[in-house]
Amino acid sequence: MKSDETVALVTGANRGLGQSIVKALAETGVPRIYAASRSPFQLPDFGSTTSVLPLELDITDASQVASATSLASDVTLLINNAGLLPRGSATSVSEQDLRAAIEVNLIGTWRMASAFAPVIETNGGGAIVNILSLISLHNAPPFAAYSAAKHASWAMTQSFRDDLAGTRVRVIACFPGGIDTDMRQGVPAIKATPDSVASSIVEGIMRGDTEIFPDHVSAMQGPSLLG
Ligand SMILES: NC(=O)c1ccc[n+]([C@@H]2O[C@H](COP(=O)([O-])OP(=O)(O)OC[C@H]3O[C@@H](n4cnc5c(N)ncnc54)[C@H](OP(=O)(O)O)[C@@H]3O)[C@@H](O)[C@H]2O)c1
């Protein structure tokens, strides 16, 4: 993928990995990025010539997603980054948290990919990148809802690949290990910086990778978990 011909949309761009992905895309010369978030926010000035356009978007809201396909009709690269990690084991997680994890990590990601696949095809092709997790490939019992949702999202990613095989839309799966963001606050783990993970993700996309293992832990464990 050529960075200088790419128009990107990043969900959950207001903080954490999403904000770092916007920065990495700008640094690699992507000229236009839609930085989507649930509420208005101010991104730092990355000092590049990239046009970063804010887009209000809750991925659980079907009408907002439909509007986004009109407002961002020139997109060629969708990065499904928005995610939610409720705490709780299988017996302690609430039904509400389980539903929320599925609603954001699985259905929201599916909704965005379904809506933007035809947009990307119309624009001459490009890619959909689903930010999954190493936890999509191995279970994390303290995060039962997240594990279930991220496993299901990996299954759905593979189904999109099959479905879009005859099109010019590539479907890329990304499996990070721990990242030092709000999501992992208070969880002891090896955590990579969001900037380093984002740079690896953008490098992998531009290189044409199909699976991306963007940090040390992920690169060590991911390929064998994938089988
Ligand atoms: N942190 C890790 O260790 C880790 C490891 C592997 C994979 N990941 C994945 O990396 C991605 C980014 O995570 P992160 O670490 O940056 O988490 P984070 O710091 O908690 O940020 C989550 C982002 O998702 C957004 N979001 C949540 N629900 C949304 C919705 N319904 N619609 C739109 N945006 C929504 C949040 O927006 P608000 O600010 O409005 O809440 C926020 O921008 C997630 O998919 C996560 O599963 C993270």
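Serine 48 counts as partly exposed, with a relative accessibility of 33%. This is a predicted model, and serine 48 sits in its loop between β2 (32-37) and β3 (51-56). Below, we look at that serine, then at a pair of helices, and finally at an arginine in one of them.

**Around serine 48**
- The side chain of serine 48 gets to 3.2 Å from the backbone nitrogen of threonine 50.

**How α3 and α4 pack**
- Two packed helices are described by the angle between their axes and the distance between the axes.
- Here, the axes of helix α3 (residues 95-122) and helix α4 (residues 144-163) come within 8 Å and cross at roughly 20°.
- Angles under 35 degrees count as roughly parallel, so α3 is roughly parallel to α4.
- The α3 and α4 crossing is right-handed.
- On the α3 side, the residues that meet α4 include Leu98, Ile102, Leu106 and Trp110, while Tyr146, Met156 and Phe160 are among those α4 brings.
- Sorted by class, the α3 contact with α4 has 12 nonpolar, four polar and two charged residues.

**Arginine 111 in α3**
- Arginine 111 is part of helix α3.
- Is arginine 111 buried or exposed? Its relative accessibility is 16%, and buried means under 20%, so arginine 111 counts as buried.
- A polar atom of the arginine 111 side chain lies 2.8 Å from the backbone oxygen of isoleucine 59.
- Leaving out residues up to four places away in sequence, arginine 111 touches Ile59, Thr60, Asp61, Ala62, Val65 and Glu103.

Terms used: Residues numbered from 1 in each chain as written. Predicted model: local features only at pLDDT ≥ 70, side-chain atom pairs only at ≥ 80, totals over all residues. Heavy atoms only, no water. Axes fitted to C-alpha atoms, helices over the stretch in contact; angles between N-to-C directions. Helix = DSSP H or I, 4+ residues; strand = E, 2+ residues; numbered from the N terminus. Parallel < 35°, antiparallel > 145°, perpendicular 65-115°, else oblique. Left-handed = near helix turned anticlockwise from the far one by under 90°. Contact = heavy atoms within 4.5 Å. Nonpolar A, V, L, I, M, F, W, Y, C, P; charged D, E, K, R; others polar. Buried < 20%, exposed > 50% of the residue type's maximum accessible area, 1.4 Å probe, protein only. Polar contact = N/O pair within 3.5 Å; in protein donor to acceptor, adjacent residues only side chain to side chain.
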